Amino acid sequence: MIYILTGEIRSGKTTALSEWCKNRNDVDGLLCPDNAEGRRYFLEVKSKNEFELETELDTEDIIKIGNFKFLKSAFDKANEFLISADSETKTTYLIIDELGKLELRNEGLHWSAERLIPNCLTDKNRHLILVVRNYLVEVIVKHYSITEYRILTKVNLENLN
C-alpha cells in the first residue's frame, strides 16, 4: 500500500513522522528534517545516521531549486540507501521524505521512488509512506502512475498501525 503524507509547506509533516517512528522497529527509510541552522539533511530512520543534503557551496555537485542548493552526491547516497533498505531489511513501512519538484524533473529521490513504488503496489505486506506537499499530490500520483493510495495527514498518521 502506498500512503501519501501531505500537508502545506513547513506544516510539521517530517516532525510528525519522526514522532510516529520513534518507538517502532518496523519502519525504515529517510526523513529530511532541518538542522539547528535551518538546513535540510537526511536522517536514516532505523540507524539514525545523518548526512548532509543542503549546502551553501557552489560546486559541480549541486542541484539548485528555488533558493535551495542540494548536494547531488547526497541524493545518490539517499537513493542507494532506500533501495538497499527495501531489499535488505524487509521492514513493514519505508519512508521517502519527500517527493516534489526535483522528482518531477527526474532528479532528487526519483530513482528510488521509480523502483520502490511499483514494488509496494504489488506487495500487500509492504507499505511505502511518501511525503508530498499538498499542492503536488495529483501531479506526483500521475508522474509515478500510482493507482492505489491513501492520503495521510499529521492527524490521522497516529491511526496507522
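Mentor: A pocket is an open set of grid points with protein on both sides within 12 Å along at least five of seven lines. The model discussed here is predicted.

Trainee: What volume does the largest pocket have?

Mentor: The space in question is an open one, as the definition of a pocket requires. For the largest pocket, the computed volume is about 340 Å³.

Trainee: Which residues lie closest to the centre of the largest pocket, and which element gives the most to its lining?

Mentor: The lining comprises 19 residues, and those closest to the centre are Arg40, Ile65, Phe70, Glu98 and Arg133. Two or more lining residues come from each of β6 (68–71), β7 (93–99) and α3 (101–104). With three residues, the element that gives the most is α3.

Trainee: How many residues in the lining of the largest pocket are nonpolar?

Mentor: The lining of the largest pocket includes six charged residues and two polar ones. The nonpolar residues in this lining number eleven.

Trainee: Which strands stand at the edges of the open sheet, and why is one side of each left without a neighbour?

Mentor: The open sheet has seven strands with mixed pairing, in the order β4-β3-β2-β7-β8-β1-β9. A strand at an edge has a single partner strand, so one of its sides is left without a neighbour in the sheet. The edge strands are β4 (50–52) and β9 (150–152).

Trainee: Which residue is the bridge partner of Leu30 in β3?

Mentor: Strand β2 (residues 27–31) and strand β3 (residues 41–44) run antiparallel and are joined by two bridges. The partner of Leu30 in β3 is Glu44.

Trainee: Which residue in the turn between β5 and β6 has a positive phi?

Mentor: Strand β5 (residues 62–65) runs antiparallel to β6, with four bridges joining the two. Ile62 is placed opposite Leu71 of β6. The two strands form a hairpin with two residues between them, and the turn residue with a positive phi, about 60°, is Gly66.

Trainee: Are α2 and α4 roughly parallel or roughly antiparallel?

Mentor: Helix α2 (residues 72–88) packs against helix α4 (residues 110–122) at an angle of about 20°, and their axes are 8 Å apart. Angles under 35 degrees count as roughly parallel. The crossing of α2 past α4 is left-handed. Because of the angle between them, α2 and α4 are roughly parallel.

Trainee: Which peptide bond is cis, and which residue has a positive phi although it is not a glycine?

Mentor: Most residues other than glycine have a negative phi, and most peptide bonds are trans. The cis bond has omega near 5° and runs from Asp97 to Glu98, the latter placed in strand β7. The non-glycine residue has a positive phi of about 65° and is Lys48, located in the loop between β3 and β4.

Terms used:
Residues are numbered from 1 along each chain as its sequence is written. This is a predicted model: local features need pLDDT of at least 70, side-chain atom pairs count only at pLDDT 80 or more; totals for chains, interfaces and linings use all residues. Side-chain values use heavy atoms; hydrogens and water are left out. On a 1 Å grid over the protein atoms alone, a cavity is a set of points where a 1.4 Å probe fits but cannot get out, and a pocket is an open set with protein on both sides within 12 Å along at least five of seven lines; lining residues have an atom within 4 Å of a point. Grid points are joined across faces, edges and corners, and a volume is the space filled by probe spheres set on the points. Ala, Val, Leu, Ile, Met, Phe, Trp, Tyr, Cys and Pro count as nonpolar, Asp, Glu, Lys and Arg as charged, and the others, Gly among them, as polar. Two strands pair if DSSP finds at least two bridges between them. Axes are lines fitted to C-alpha atoms, for helices over the stretch in contact, and angles run from 0 to 180 degrees between N-to-C directions. Angles under 35 degrees count as roughly parallel, over 145 as roughly antiparallel, 65 to 115 as roughly perpendicular and the rest as oblique. A crossing is left-handed if the near helix is turned anticlockwise from the far one by less than a right angle, and right-handed if clockwise.
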